[in-house]
Amino acid sequence: MPETHPAAAAALTAMNAVNAHDRAAWLACYAPQAVLYDPVGGSPLDPEGNGLRGRAALDQFWRLAVAPNEVRFTIAAVHPAGDEAAVIASVSTRLPNRALVNYDGVFVYRTDPDGLIVSLRGYWDVRHLLAALGA
């Protein structure tokens, strides 16, 4: 069962925290040195595509990308292997301008021996979100 796998459990806990708009629960899922690539390849929050590193950067990501929006993950499948889990999900984001952005993605979570997320790599097309923002 994927939920008993440490990386799968951490991934689902983090996604459910986003669904619940629970910043503290989301941040608690991550190791202090965690790196977030969401999406892989870069975004306005990570123009170089080097990842957002550490809890302060993750907190800033939450404040800028999650807090002002209504974000909802719908999980289609979870595939755990080794210290990672790949989650296939649909994402629905209602922006402050009331625009609704829907996209599918693959989100790969890697955990440490304590079950904390050390890396999240999100594979999705940021152009849909940028278009809704008028960017």
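How many of the eight residues of E1 are buried?

1. The model under discussion is predicted. In it, six of the eight residues of E1 are buried, so the strand is largely enclosed by the rest of the structure.

2. E1 belongs to an open sheet of six strands, ordered E2-E1-E6-E5-E4-E3 with mixed pairing. At the edges stand strand E2 (52-53) and strand E3 (70-81), each of which pairs on one side only.

3. On one flank, E1 (residues 30-37) runs parallel to strand E6 (residues 117-123), and four bridges join the two. Within this pairing, Leu36 is positioned opposite Leu120 of E6.

4. E1 is also paired with E2, here in the antiparallel sense and over two bridges. In general, strands of a sheet pair through backbone hydrogen bonds, in either a parallel or an antiparallel arrangement.

5. Helix H1 (residues 6-19) lies across E1, E3, strand E4 (84-94), strand E5 (100-111) and E6, and runs at about 175° to E3. Helix H3 (residues 54-66) packs on the sheet as well, where it touches E1, E2 and E3. The direction of H3 makes about 55° with that of E1.

6. To summarise the surroundings of E1: the strand is joined to E6 by four bridges, pairs with E2 over two bridges, and has H1 lying across it and H3 touching it.

Notes
Residues numbered from 1 in each chain as written. Predicted model: local features only at pLDDT ≥ 70, side-chain atom pairs only at ≥ 80, totals over all residues. Heavy atoms only, no water. Pairing = 2+ DSSP bridges. Contact = heavy atoms within 4.5 Å. Axes fitted to C-alpha atoms, helices over the stretch in contact; angles between N-to-C directions. Buried < 20%, exposed > 50% of the residue type's maximum accessible area, 1.4 Å probe, protein only.
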